[in-house]
Amino acid sequence: KDVKNVGKKDQIVEVSDGYAQNFLFPRRLAVQMTKGSKDVLDKQQEQARIEEENKKAQALELKEKLMLMFLINKYTPDDVSKVFKHLQKVLGEEKFKEMFEVILTDNGWEFSKPADIENSVLTGEKIINVFYTEAYSSWQKGGIERNHEFIRYIIPKGLTFNNLNKKNIVDMMNHINNVQRKSLNYQTPFSVFNLKYGETISTLLHQHYIQPDDINLSYKLLLH
């Protein structure tokens, strides 16, 4: 356990014999360092490291699956940066940094002002990172491309995006995010995201649950 002014859980510290024997050991706040206890600690720390790596991997997997959609006026750098500034304000800087640590995109003109996306709206300091895929390498952001396929189920090639409204965008986003994915052990991006970040964050991002039988990935979705 953490002991005030002494050390934190799993930390190795040196204290007087009297303090250890008369206070720490009787209260099970510490154990004596021996080869055996050191081996146990090493195993615990390795297990903690593995669990942390698994959490990071799951978080990265999730970020590739959950899709956020926004309606913008024009396909320009300023309009794109407004979306990220809006997210900073809605989520708060710390949660924004946690959720958007890395932005991976192509070299389109609309992402040609990375500093407008990376920098804090409060301090102007860089808080996240924008990276670009190599030319003709859409496979480098495969999760995003898979979501684009779902969009094309709803709006096939040849149909225009010009008449979409905010409700259309939110409906598409939620129906796609409630489709089960094999890569998420047949959970949905929404359910995994909601479990990780909670209902409050989900609501702020206009995410909500849709019954499996109600999911519609056709153009009819936009006609309601």
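Predicted model: local features only at pLDDT ≥ 70, side-chain atom pairs only at ≥ 80, totals over all residues.
Local features need pLDDT of at least 70, side-chain atom pairs count only at pLDDT 80 or more, and totals for chains, interfaces and linings use all residues. Residues are numbered from 1 along each chain as its sequence is written, and side-chain values use heavy atoms, with hydrogens and water left out.

Five aromatic pairs are present in the structure. Rings of Phe, Tyr and Trp (its six-membered ring) pair if their centres lie within 6.5 Å; planes under 30 degrees apart count as stacked, over 60 as edge-to-face and the rest as tilted. The ring centres of Phe 150 and Tyr 153 are 5.6 Å apart and the planes stand at 90 degrees, so this pair is edge-to-face. Both residues belong to helix H6 (residues 142-154), where a spacing of three residues separates them by about one helical turn. Helices here are DSSP runs (H or I, at least four residues), numbered from the N terminus.

Accessibility was also computed for this pair. Phe 150 is buried, at 4% relative accessible area. Tyr 153 is partly exposed, at 40%. Buried means under 20%, exposed over 50%, and partly exposed in between (1.4 Å probe, protein chains only).

Phe 84, Phe 96 and Phe 100 make up one aromatic cluster. The charged end of Lys 196 sits over the ring of Tyr 197, 5.4 Å from the ring centre. This term requires NZ of Lys or CZ of Arg within 6 Å of the ring centre and within 35 degrees of the ring normal.

Lys 35 lies in helix H2 (residues 35-65). Lys 35 is exposed, with a relative accessible area of 67%. Its C-alpha atom is separated by 60 Å from that of Asp 214, 179 residues apart along the chain.

Technical notes: Helix = DSSP H or I, 4+ residues; strand = E, 2+ residues; numbered from the N terminus.
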